[in-house]
Amino acid sequence: MKLHAFLLQVHAYPKQLEALIDLLKAPNHYFFIHVDKKSRQMMQTSEIARLKKRADVTFVPSVRVNHGGFSMVRATLNMLEAAIASPKKFDYFHLISGQDYPCMSSAALDAVFEAGERSYMYFDSPEETENWRKNKYLSRTQHYNYTDLYIPLVPQKIQTWMIKGLNKFAKSYKRPPIPNIYAGWQWFSWHRKVVEYVLRFLKDN
């Protein structure tokens, strides 16, 4: 039986999170949870307290997650690094959100991955990539971005205003182009070999 690590990015709805984990619960399923560091109230809930006591649940170091920022990638890497370091030797790693909901049983899900070494992720088609390298991608990669800027003790509303101003100012300066850029969606189901490749690539580069 293959071992599965579910990596959950969470920022709200602790009751739904606990229900989701209960639905996915199985002897070969384990859960690594990243809670947005900004979600302090969530960490004080009874649901999180119960989850912390479970042997199949691990909470990873939190970062302040900002939509579209590298912080989203950092949160994912924190979970991947924690899961790959586990003595459990997981076969598959599934990145989902705390607001997802399974549309099949755990047994049916396992059956999909029992045969062979399959990985699933969505990325742009060659036609989309060729077109969007000249259009869509440039608006996101040509300019410096301060989305993840954080200044302690400064109120969140003021920080939001400052970041918007800095991002607007930064559009006056272009970054060097990123050659051969590709893009896709955040969520995935990866075989262990893919995870090991990604983490090794990041370490070497």
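Against which elements do the buried residues of α8 pack? They pack against α3 (70-84), β4 (92-97) and β6 (184-191), where buried means under 20% relative accessible area, exposed over 50% and partly exposed in between, with a 1.4 Å probe and protein chains only.

## Basis of the model

This is a predicted model, in which local features need pLDDT of at least 70 and side-chain atom pairs count only at pLDDT 80 or more, while totals for chains, interfaces and linings use all residues. Residues are numbered from 1 along each chain as its sequence is written, and side-chain values use heavy atoms, with hydrogens and water left out.

## Helix α8

Helix α8 covers residues 192-204, and its 13 residues reach 18 Å from the first C-alpha to the last, close to the 18 Å expected at 1.5 Å a residue; the expected span is 1.5 Å times one less than the number of residues. Helices (H or I, at least four residues) and strands (E, at least two) are DSSP runs numbered from the N terminus.

R192, V195 and L199 are buried in α8. Seen down the axis of α8, its buried residues fall within an arc of 65 degrees, so they line one face of the helix; the arc is taken over the directions from the helix axis to the C-beta atoms. The face turned away from this buried side carries the exposed residues K193 and D204.

## Packing of α3 with α8

The axes of α3 and α8 lie 11 Å apart, and the two helices pack at an angle of about 115 degrees, with axes fitted to C-alpha atoms over the stretch in contact and angles running from 0 to 180 degrees between N-to-C directions.

On the α3 side, L77, L80, E81 and I84 meet R192, V195, E196, L199 and L202 of α8, contact being heavy atoms within 4.5 Å. The residues of this contact divide into 6 nonpolar, no polar and 3 charged; Ala, Val, Leu, Ile, Met, Phe, Trp, Tyr, Cys and Pro count as nonpolar, Asp, Glu, Lys and Arg as charged, and the others, Gly among them, as polar.

## Helix α7

Helix α7 (residues 156-170) has 15 residues and reaches 21 Å between its first and last C-alpha, close to the 21 Å expected at 1.5 Å a residue. Its residues Q159, I163, N167 and A170 are buried, and they cover an arc of only 70 degrees around the axis, which puts them on the same side of α7. On the other side of α7, K157, W161, K164, K168 and F169 are exposed.
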